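Welcome! Keep the picture open as you read.

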Amino acid sequence: MAEQEYFKNALSDFTYEAASGGAIRHLADLGYTVKQISGQLSFPTPYERVQKTVWQRLLETGVLLAEEPGSGKRRSGGRAEYVIERDKYGRTSFRLAARDIEEKAGEICWKERKFGEGGEAGRSLAVYLADKYKENNGEAYISCSFGLLLHKEPAAFEAVLAALNERQQEYITGLPWEGKRCYHRLDQRMQEIAIKLYHVGKLRETCFFMKTEEKVTLEPQGNQG
């Protein structure tokens with residue numbers, strides 16, 4: 001019975017990968033939210049499974065980091081690999097093997113400060129983040145405490161969501177945040193989210209600019225610009 005259940009689950013994983021896995025990863029690469037991706041799939045796929053696949057893809061492509069940028073390593077999680085196995089009776093089964101991938105990166109000795117203490121005087125946060133992202137060739141990240149709030153301070157998490165527009169809420173709520181801090185590439189979407197939360201005093205995060213080796217803390221500013 002256990003062997004039959006194992007084969008059933010393995011076959012289900014194999015079918016899912018063939019029918020939906022590639023499409024989900026492709027749409028995630030294009031920036032679709034989990035909700036948008038779910039609506040595009042022709043093969044019935046549980047929402048939670050779409051979430052998991054998108055999260056894994058963001059880790060694989062470096063959009064999300066589980067370790068602090070510049071800490072010396074990046075773990076991109078696992079890549080789905082399917083292995084065909086045969087027992088001594090010649091019976092065939094599929095095994096899903098997630099292969100961990102760890103990319104080594106040199107440690108960075110950060111130049112640390114708070115936003116507003118450097119040469120950005122007279123520039124808005126929006127202009128500053130866009131300029132730094134370009135200066136660092138896209139190798140810029142921001143810490144994300146959404147998982148910590150979701151799992152430990154749900155009321156605070158809801159308050160953060162309330163400060164965002166519908167499109168931004170859809171992206172944040174679609175991801176299966178773990179109960180720890182992670183790091184998201186500071187792309188245009190995350191810049192917009194950070195700016196919105198900064199101006200309403202709901203942001204206390206840190207930006208990491210890899211090329212210029214700067215670590216800049218964004219402190220709550222109430223309703224100031």
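This is a predicted model: local features need pLDDT of at least 70, side-chain atom pairs count only at pLDDT 80 or more; totals for chains, interfaces and linings use all residues.

**Strand 6 and its partners**
- Strand 5 (residues 140-144) and strand 6 (residues 182-185) are joined by four bridges and pair in the antiparallel sense.
- Strand 1 also runs antiparallel to strand 6, and two bridges join them.
- As background, strands of a sheet pair through backbone hydrogen bonds, in either a parallel or an antiparallel way.
- Which way do the residues of strand 6 point? Cys-182 and His-184 point one way, while Tyr-183 and Arg-185 point the other way.
- All four of these residues are buried.
- In general, side chains in a regular strand alternate between the two faces of the sheet.

- Six strands make up an open sheet with mixed pairing, in the order 1-6-5-7-8-4.
- At the edges are strand 1 (64-65) and strand 4 (111-114), each of which pairs on one side only.

**Helices lying across the strands**
- Helix 4 (residues 125-135) lies across strands 4, 5, 6, 7 (205-209) and 8 (214-218), and runs at about 35 degrees to strand 7.
- Helix 8 lies across strand 5, strand 6 and strand 8, and its angle to strand 5 is about 50 degrees.

**Where two helices meet**
- Two packed helices are described by the angle between their axes and the distance between those axes.
- Helix 7 (residues 166-174) packs against helix 8 (residues 188-199) at an angle of about 110 degrees, and their axes are 11 Å apart.
- Because of that angle, helix 7 is roughly perpendicular to helix 8.
- Helix 7 makes the contact with Arg-167, Gln-168, Tyr-171 and Ile-172, and helix 8 with Arg-189, Met-190, Glu-192, Ile-193 and Lys-196.
- Sorted by class, this contact has four nonpolar, one polar and four charged residues.

**The chain as a whole**
- The secondary structure comes to eight helices and eight strands.
- The chain has 225 residues, and 40% of them count as buried.
- Of the contacts in the chain with a separation of 6 or more, 67% come from residues 24 or more positions apart.
- The chain's accessible surface is about 12,500 Å², and carbon and sulfur atoms account for 50% of it.

Definitions and conventions:
Residues are numbered from 1 along each chain as its sequence is written. Side-chain values use heavy atoms; hydrogens and water are left out. Axes are lines fitted to C-alpha atoms, for helices over the stretch in contact, and angles run from 0 to 180 degrees between N-to-C directions. Angles under 35 degrees count as roughly parallel, over 145 as roughly antiparallel, 65 to 115 as roughly perpendicular and the rest as oblique. Contact means heavy atoms within 4.5 Å. Ala, Val, Leu, Ile, Met, Phe, Trp, Tyr, Cys and Pro count as nonpolar, Asp, Glu, Lys and Arg as charged, and the others, Gly among them, as polar. Buried means under 20% relative accessible area, exposed over 50%, partly exposed in between (1.4 Å probe, protein chains only). Accessible areas come from the Shrake-Rupley method with a 1.4 Å probe; for residues, only the protein chains shown count as cover. Two strands pair if DSSP finds at least two bridges between them.
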